[in-house]
Amino acid sequence: MAMTAGEIEALIKAALPDARIEIRDLAGDGDHYSATVLSEAFRGKSRVQQHQLVYAALRDQVGGQLHALALQTGVPE
Amino acid sequence: MSIDAFIDSEVKSNDVVLFMKGTPQFPMCGFSGQVVQILDYLGVPYKGLNVLENDELRQGIKDYSNWPTIPQLYVKGEFVGGCDIVREMFQSGELQVLLTESGLPVNTPAGA
């Protein structure tokens, strides 16, 4: 079962309401996405911690329902 | 030994450990292959552990790191990240700094 970009964005937004999110469907198969997520919640956190916040927002779908999500995270300028 | 204890001992007794799909010689996934290429380019010695050979390890490392995907890179017992973070750190030069500061030999690019 694949996920739509809209579903991914909604899950991230629910956990990180201020997030600016850009999602690209890399292969057009609903299974390989790249996402850029900018949020104040990331400030002062390591990259690993930032990605863990996004993974937590996606509730364990990454690596399961969602095969591949290339992530880039950061704090808004 | 529990899988948790096995992983703990691997990451603490080897300076650089890569949990990956396939082997450094034959990566079985593009993301694992990218990290292999970076480590090989830097010439840093590392141990590759193939999670495809062991389902318990495949799930165990995800629980150990609280990280849902493979590959996963450890340096000196610390989780550095997956493919995206390793690539970002390599491109910015942070990975080279981390390895050097950990006392590990890193090839410096020609002319640098």
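How are α2(B) and α4(B) oriented to each other? The tour answers this first. The model is predicted, so local features are reported only at pLDDT of at least 70 and side-chain atom pairs only at pLDDT 80 or more, while totals for chains, interfaces and linings use all residues. Residues are numbered from 1 along each chain as its sequence is written, and chains are lettered from A and ligands numbered from 1 in the order in which they are written.

**Stop 1: α2 and α4 of chain B**

Select residues 30–42 and 83–92 of chain B, which are helices α2 and α4. Helices (H or I, at least four residues) and strands (E, at least two) are DSSP runs numbered from the N terminus. The two axes lie 9 Å apart at an angle of about 30°; axes are lines fitted to C-alpha atoms, for helices over the stretch in contact, and angles run from 0 to 180 degrees between N-to-C directions. α2(B) and α4(B) are therefore roughly parallel to each other (angles under 35 degrees are roughly parallel, over 145 roughly antiparallel, 65 to 115 roughly perpendicular and the rest oblique).

Now display the side chains of Phe31(B), Gln34(B), Val35(B) and Ile38(B) in α2(B), which meet Cys83(B), Val86(B), Arg87(B) and Phe90(B) in α4(B). Contact requires C-beta atoms, placed from the backbone, within 7 Å. The residues of this contact divide into 6 nonpolar, 1 polar and 1 charged; Ala, Val, Leu, Ile, Met, Phe, Trp, Tyr, Cys and Pro count as nonpolar, Asp, Glu, Lys and Arg as charged, and the others, Gly among them, as polar.

**Stop 2: the two sides of α3 in chain B**

Move to α3(B), residues 55–65, where Leu57(B), Ile61(B), Tyr64(B) and Ser65(B) are buried. A residue is buried if 20 or more other C-beta atoms, placed from the backbone, lie within 10 Å of its own, exposed if 12 or fewer, and partly exposed in between. Looking down the axis of α3(B), one finds these buried residues within an arc of 75°, so they line one face of the helix; the arc is that of the directions from the helix axis to the C-beta atoms. Asp55(B), Glu56(B), Gln59(B) and Asp63(B), on the other side, are exposed.

The cover over the buried residues includes α1 (3–13), β1 (16–20), β2 (47–50), β3 (72–75) and β4 (78–81) of chain B. Ile3(B), Asp4(B) and Ile7(B) of α1(B) make the contact with Glu56(B), Leu57(B), Gly60(B), Ile61(B) and Tyr64(B) of α3(B).

**Stop 3: Val11(B)**

Remain on α1 of chain B and select Val11(B), which counts as buried because it has 24 C-beta neighbours inside 10 Å. Beyond its neighbours within four places in sequence, Val11(B) is in contact with Val17(B), Tyr74(B) and Gly77(B).

**Stop 4: backbone features in the loops**

In the loop between α3 and β3 of chain B, select Asn66(B). This residue has a positive phi of about 55° although it is not a glycine, and with 11 C-beta neighbours inside 10 Å it counts as exposed. Pro71(B) is found in the loop between α3 and β3 as well; the peptide bond from Ile70(B) to Pro71(B) is cis, with omega near 10°.

Continue to Lys76(B), in the loop between β3 and β4 of chain B. Its phi is near 50°, and Lys76(B) counts as partly exposed, with 17 C-beta neighbours inside 10 Å.

Conventions: Contact = placed C-beta atoms within 7 Å.
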